Amino acid sequence: METKILSTSEYDIALAGEIIRNGGLVAFPTETVYGLGANALDENAVKKIYKAKGRPSDNPLIVHISEKEDIAPLVKEITPKAKALIDAFFPAPLTIILPKSSLVGNTVSGGLDTVAVRMPENGTARRLIKAAGCPVAAPSANTSGLPSPTKAKYVIDDMNGKIDAIIDGGDCEFGVESTVITLAADTPSILRPGAVTKEMIESVIGKVNVDRAVLEGMDSSGTAVSPGMKYKHYAPKAKVIIVDADRKTYEDFVNSRENAFALCFEGDNVIIPKLTYGKEDDDLSQARELFDALRRLDEMGAERVYARIPNTDGVGMAVYNRLIRAAAFKIIDLKKPFFIGLTGQTGAGKGYVCRYLSRLGFNILDSDKSVKKIYENNPALLKKLAEEFGNDILVNGKLDRKRLANIAFSSKENTKKLNKIVHPEVISLCEKEAKPLTVLDAPQLFEANAQSRCYKVISVVAPYKTRLKRIMSRDGITKEQADARINAQLDEEYYINNSDFVIYNNGENIEKQIEKIMEEIL
């Protein structure tokens, strides 16, 4: 198919309207992104949209109109809240969902009994709809799953040869798709955030919910009642990972990455290859530039991209909603003190894993060393320990750690008493010493309830006989004493069930296991 590239002249708009009226497809600019339009009342024409985009047929489309009075024939009823929003905002980057009339086919609605309608603010879009003489169904004019196009060049990249015409109307104003709100429920609910914010809507119709899928994702078995609700969407070819951190922590993290790109804000001090998407304190600039930046990353050959997280207030919610889908919900949380919590069974080989992670560039915090610092510099703590376990654990005012260990690990009850006294002090000291990419090496991680302070938790486990032999050799203790320490710990099943990753020291290649985990995390 030859795709005509049209201007916004009266002649070309009339030609584009005729193409739509006759069952063809035309890409056109709106104030949000470029749309791919077909006659919304022609089921065969609408099916062409899904084919051109490679779009799942259960993903509903938005029906675009040129005048407010065009809404009534498409819906069963314009409810009072719908009328209030139409009067307050239309034309605008706002889509409302209502129960559909018999005029609207199942293809447009994705098989649902509702229809999504909006009146675009963009003058070229409304001129086209008038010229077509029919409502126009139009998703974004891109290959399904890729970033939505805010420039005609990206429409041409994706759609040339697949559709009848493309109207080049320049760059889009807002850069993210319209806000979608359903009024087909008791309480109105935002299904996709956009430039018309929750606060703006609530000022007109009162309380509005934000659907859980906006920020957390939709279950794979769920039904998409609005465009843009799918798990992965708006994604470039590059693998995007969001980094949740303050500016300095983000800068330190990305500047330590190799063979990676940064997607950051203007003014961020980033030395690896980067693209910016607006200013940190300007969510409208972020919305306007996000999709363009995602496209440009592919043009630059980026394979792995670390994106700085936006705020979720106002239009920032729309930016975050698009970015988190572009990243397939992969987020590195650097707001927690420890990047990785490393724990596991005593004698399982955790020390080897620590040394390998150190070679990979991680900062290792050894909780046992922190314990030693506390024992040497905290007389009040030693007093508490002596009161609990007896004065015999002190020799010349100093702690005999071996004697304490023999008592504390003689039973689970004594181990819990020791943990209750020591763990808060240890975690507090470790947090003070933590920095980006810190691994907390903590045999008692779960007992200290420190897993909540870690981005990810890795446990190391090994067969009983292997552990017993190592403990006896390492600590110079008897089999009975080694058994007591093993029995004082949590069982293997607990470590497996409560960790993000498990390393099995049972003959498998440990380094390959670590590298596979790091690939997943980073």
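Guide: D168 is partly exposed because its relative accessible area is 40%, a value between the limits for buried (under 20%) and exposed (over 50%), computed with a 1.4 Å probe on protein chains only. The model is predicted, so local features need pLDDT of at least 70 and side-chain atom pairs count only at pLDDT 80 or more, while totals for chains, interfaces and linings use all residues. Residues are numbered from 1 along each chain as its sequence is written, and side-chain values use heavy atoms, with hydrogens and water left out.

D168 sits in the loop between β8 (165-167) and β9 (179-182); helices (H or I, at least four residues) and strands (E, at least two) are DSSP runs numbered from the N terminus. Its side chain reaches the backbone nitrogen of G170 at 3.2 Å. Apart from neighbours within four places in sequence, D168 is in contact with L6, S7, T8, Y34 and A152, contact meaning heavy atoms within 4.5 Å. K83 is 85 residues from D168 in sequence and 33 Å from it in space, C-alpha to C-alpha.

As for the backbone, most residues other than glycine have a negative phi, and most peptide bonds are trans. N259, not a glycine, has a positive phi of about 55° and lies in the loop between α9 (247-255) and β13 (261-264). A328, also not a glycine, has a positive phi of about 50°. N259 is exposed at 76% relative accessible area, whereas A328 counts as buried at 18%. F90 and P91 are joined by a cis peptide bond, with omega about -5°.

Note on methods. A polar contact is a pair of N or O atoms within 3.5 Å; within protein, one must be able to donate a hydrogen and the other to accept it, and residues adjacent in sequence count only if both atoms are side-chain atoms.
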